[in-house]
Amino acid sequence: MASVPARSGKSSGDLLGSRVVITGFLLVFLAYSLLPLFYLIVSATKDGSALFSTFGLWFASFDLFANLKAVFTYDGGVFVNWLLNTAYYSVISAVGAAFVATIAGYTFAKFRFRGRTLLFAVILGSIMVPPTALVIPTYLLLSKVALVNTPFAVILPSLISPFGVYLMRVYAEQSVPDDLLDAARVDGAGEFRIFWSVALRVLAPGFVTVLLLSFVTTWNNYFLPLVVLNNPKLYPLTVGLASLNRVASAGGGAQNLYPIVITGALVSILPIIVAFLFLQRYWQGGLTFGSLKD
Amino acid sequence: MVSQGAQSTKGGGERTEAGVSGGRRRQAAIPYVFLAPFLILFVTFLILPLAYALVISVYADKLVGGNVFVGFENYKQALGDPGFWDGVRRMIYFGIFQVPVMLGLALVFALLLDSGAAWFTTLFRLGFFIPYAVPSVVAALIWGYLYGPTFGPFSQLADYLGLPTPAFLSDTWMLPSIANVVTWEFTGYNMIIMYAALQAVPREVRDAGAVDGAKPWQIALYIRIPLIFPAILLTAVFSIIGTFQLFNEPSVLQALAPGVITDHYTPNLYAYGLAFTNQEYNYSAAVSFALGAVVVVFSYVFMLVTNRREVRA
């Protein structure tokens, strides 16, 4: 905090003045960052008519509970499906991706084997391949093996995290001492047991970082599920809300669907924001090692 | 006790010696066994789709003869396709303005928060980052409502003040409106990457300039920014790649302004439409690869330019 050293010739009044200006400038951007979320919260408390007739950035009627009920009962409770699907796809993908990336990163960090440099270069290079470029061919391939329109179509492609492998390699190099592994080898432990009961314990913080990053990526993914799923019962929240928004914007039939879209959007982002705030140590850690090398 | 321990160690040593030849062979296979889950998934869901897309991009579905090899015909068609270039041109225009604004803001915030020149730095760091946790679909949805000409608060305010309704979703303003959504989502994320890089710089190095009585902006420009240049470059390359891949935000806003966001508004919307509306999978794959080539060219030129500048500095 005190890394701005007091300079001679500058009065403390000047320093205080600049501190006020800088804090003020940052507050403006903070307001910008939070404005859409504030708007979302305010709008989620309004019924369909108040949404149109009252000022958007302040509270009017209080219909949050009615809106929540409308969200969860809409179309036979399809929103509950979307919420559970999202949670299911995200949890399975995150746990799977974190395990796969951790063991791969650990192997690159702690073993010397033929093809190591080349394989790692290919994996690192693939970070540059934009995920959206893969979606259409993935759909075509999955449809050949009848996996389109199943949860596997979303989960399986989400299990690869080349960035996670990179992160875990850096983390394993820094945090798992070779002596620890050698000691376990002398004790006669097999390599798999060493990974499982010795290395994984040390790697746990990195594991949680990859878990969190993959969880967020899957929770927020839109393009892949949009393409590989067309059964609304299998949709995650992103695809469901976007389709509902299309219906609402196109007139929405007899019902005013805007309160449902808005309240549904609020419900859909709450878990992820809570996860971010509580687990901030882990994602910040991840971005830190990510930028440490090169 | 001691002698017993020594003996058993010797015995253990012999056992290991005997087990080495078999063990070493097993040992050599272990890295591959450990890598197998990742590699199988990597080949199935990354290499294979890429290879498959490459293969179908050189075929075409003809009325006569069915699926036939056509070589580079689809690519030639893409390079002469106004729909493709319209999207690419729009993304270049988008990137020239949006990427410097976003990364410039991110860098300024990272420098300010790292130097502790403000109060409530933790609050700002968290608050700026929160938009990144919001799915881009939901972000576009909320901003779409904020922009809305009927019940958007900006329109309401303009109405109240007797000003003309701001036309955020019109042909002229749509691109800046999308740029705003993207800036809102990713400024905090890029800030965190730069901030983390700044924090990783040893304190003595960071404070070196202050001793010579340099002004804070001089320290920032000549010491702190060059130190984290690789991290800035990383965010720039990822932003360039992300710009050309733009899909979610325009796809959601299309519902509000279908006349403005055409089927070739961005190259990715175009590729999606070709595949799923027109069922032209072969041509769609060629368009995706042509786009990939554009991205590679731009990223490469960008790195070349910035590297030369770095050498000169």
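Trainee: What does the secondary structure of chain B come to?

Mentor: Bear in mind that this is a predicted model. Chain B comes to 13 helices and two strands.

Trainee: How much of chain B counts as buried?

Mentor: Burial is read from neighbour counts, with 20 or more other C-beta atoms within 10 Å making a residue buried. By that count, 40% of the 313 residues of chain B are buried. Sequence separation is a further thing to read: of the contacts in chain B between residues at least 6 apart in sequence, 67% join residues at least 24 apart.

Trainee: Which residues have the most contacts inside the largest nonpolar core?

Mentor: That core has 159 residues, and those with the most contacts inside it are Val261(A) and Ala265(A), together with Ala110(B), Leu141(B), Met194(B) and Val287(B). Helix α7 of chain B, residues 174-200, gives the most to this core, with 15 residues.

Trainee: Take Val287(B) from that list. Which residues does Val287(B) touch, not counting residues up to four places away in sequence?

Mentor: With those set aside, Val287(B) touches Ala78(B) and Phe84(B), and also Pro267(B), Tyr270(B), Ala271(B) and Leu274(B).

Trainee: Why does Asn307(B) count as exposed?

Mentor: The cut-off for exposed is 12 or fewer neighbours. Asn307(B) counts as exposed because it has 11 C-beta neighbours inside 10 Å.

Trainee: Now the interface. How many residues of chain B are in contact with chain A?

Mentor: For an interface, read the count, then the elements, then the classes. Here 72 residues of chain B are in contact with 75 residues of chain A. Helix α1 of chain B, residues 2-56, supplies the largest share of the chain B side, 15 residues. By class, that side has 55 nonpolar, 15 polar and two charged residues.

Trainee: At what angle do α3 and α10 of chain B pack?

Mentor: A helix pair is described by angle, axis distance and handedness. Helix α3 of chain B, residues 82-115, packs with α10(B) at about 145°, their axes 10 Å apart, and the crossing is right-handed. On the α3(B) side the contact includes Met91(B), Phe94(B) and Gly95(B), while Ile232(B), Thr235(B) and Ala236(B) are among the residues from α10(B). The contact residues divide into ten nonpolar, four polar and no charged.

Trainee: One backbone feature remains. What is the phi of Asn149(A)?

Mentor: Phi is about 65°, a positive value, although Asn149(A) is not a glycine. Asn149(A) lies in the loop between α6 (131-144) and α7 (151-158) of chain A. Asn149(A) is partly exposed, because 14 other C-beta atoms lie within 10 Å.

Trainee: And where is Phe120(B)?

Mentor: Phe120(B) is in the loop between α3 and α4 (121-133) of chain B. Phe120(B) has a positive phi of about 55° and is not a glycine. With 14 C-beta neighbours inside 10 Å, Phe120(B) counts as partly exposed.

Technical notes: Residues numbered from 1 in each chain as written. Chains lettered and ligands numbered in written order. Predicted model: local features only at pLDDT ≥ 70, side-chain atom pairs only at ≥ 80, totals over all residues. Core = buried A, V, L, I, M, F, W, Y, C linked by C-beta atoms within 7 Å. Helix = DSSP H or I, 4+ residues; strand = E, 2+ residues; numbered from the N terminus. Contact = placed C-beta atoms within 7 Å. Nonpolar A, V, L, I, M, F, W, Y, C, P; charged D, E, K, R; others polar. Axes fitted to C-alpha atoms, helices over the stretch in contact; angles between N-to-C directions. Left-handed = near helix turned anticlockwise from the far one by under 90°.
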